[in-house]
Amino acid sequence: MKMQILTLLFICVIPRISFADDFEIKRDEDFNNAVLKTQVVCRYTNHPDQANHFNSFFVGHIKTKNGFKEKLISVGHGFKCGHFSGETGRIIAVSILLNDKIFDGGSVLKAEDINGPTDSLDIGLFEINLPFTLEHKHLRIGRREWVSVGSRVVVRGFMYPSSSLWDVTRYKVGYVEYVGDSMIRISTSAYPGMSGSPVALKYNGKWYVIGVVSQLRFSEHYGLLDMLWASLIPKDFIK
C-alpha cells in the first residue's frame with residue numbers, strides 16, 4: 001500500500017517555476033543576460049508582414065527534458081497586430097535575441113493591451129524554449145504595495161531594438177509621481193522601442209521588478225516629455 005501511494009505522488013508532481021535571486025540591475029553582465037530584444041511578426045493576407053520590436057525579460061523557467069521552458073514578461077501592445085483595410089494581422093512568430101543568437105518559437109500566454117484610460121493594464125507574458133547551456137538570469141518580481149509616490153526606480157532597456165544605428169542600452173533613474181490601480185507615472189522619459197523594459201525598485205537591499213515600460217509622452221512643442229507610464233505587474237501574473 002505504501003509503494004502505491006508513493007507511485008501516485010510521483011506521477012502527480014506538477015513542475016514548479018524556478019526563480020533567480022541574484023539580479024543586480026546596475027551590472028551590465030546581469031542586464032545582458034536578463035533583458036532581451038524581442039520581435040513579434042504579424043502576417044496579413046493582402047499586406048506584407050509587419051514586425052513589432054520591444055523589450056522583454058526573464059522571470060522564471062520550468063526544466064524540461066531538453067532544456068528550459070522560459071517565461072518572459074513584456075508589454076501587452078507588443079503582441080497586438082495592426083489593422084489594414086479591414087484586416088487584422090495574426091502573430092506568426094515570437095523571437096528573442098540573447099548572446100547574439102536568435103531564438104524562435106515563442107508562444108504568447110496572455111496579453112493585456114491598453115485601450116482607453118491611461119491607467120489601463122498593458123502587459124504580456126510569453127514563453128520560449130532554451131537549451132540548458134545558455135547562460136541567463138531571471139528578475140525577481142516585487143510587490144506593488146512597496147511602490148508609493150516618491151519611490152526611486154531604475155529603468156533599463158534597449159532603445160530602438162530594431163535599428164543597428166541606435167543599438168544602445170539606456171539606464172534611466174526617476175521617481176514615482178503617481179500610483180494608480182494598474183500603472184505608475186515616473187519622472188523620466190522613455191524612447192520608442194523601450195516598451196517592455198523592466199522598472200526596478202530596490203527593497204531591503206535587493207532589486208525587484210515592479211513594472212514594465214508602457215507609454216511615453218510626446219509634445220509637438222516640447223518633444224519627448226520627462227515622464228513615462230509603466231504597467232504594474234499583477235500579483236501571481238506568471239503562475
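Okay, one definition to start: two strands pair if DSSP finds at least two bridges between them. Keep that in mind, and keep in mind that this is a predicted model.

So, where does that definition come in? Strand β6, residues 90-98, pairs with β7 in the antiparallel sense, over three bridges. Within that pairing, Leu-97 stands opposite Ile-102 in β7.

Now zoom out. Those two strands belong to an open sheet of seven, in the order β7-β6-β1-β2-β3-β9-β8, with antiparallel pairing. β7 (101-103) and β8 (107-112) sit at the edges with a single partner strand each, so one side of each has no neighbour in the sheet. On average, and ignoring direction, neighbouring strands here are turned by 35° against each other.

Let's look at strand β2, residues 50-63, which is where you find His-61. Is His-61 buried or exposed? It's buried, because its relative accessibility is 10%, and the cut-off for buried is under 20%.

On to charges. The structure holds seven salt bridges. One of them joins Arg-156 and Asp-28, with the closest N and O atoms 3.0 Å apart. That pair links distant parts of the chain: Arg-156 is in strand β10 and Asp-28 in helix α2, 128 residues apart. Arg-156 is buried at 4%, while Asp-28 is partly exposed at 43%.

Lys-71 is in β3 and Glu-127 in β9, 56 residues apart. Lys-71 counts as buried, and Glu-127 is buried too.

Terms used. Residues numbered from 1 in each chain as written. Predicted model: local features only at pLDDT ≥ 70, side-chain atom pairs only at ≥ 80, totals over all residues. Heavy atoms only, no water. Helix = DSSP H or I, 4+ residues; strand = E, 2+ residues; numbered from the N terminus. Axes fitted to C-alpha atoms, helices over the stretch in contact; angles between N-to-C directions. Buried < 20%, exposed > 50% of the residue type's maximum accessible area, 1.4 Å probe, protein only. Salt bridge = Lys/Arg side-chain N within 4 Å of Asp/Glu carboxyl O.
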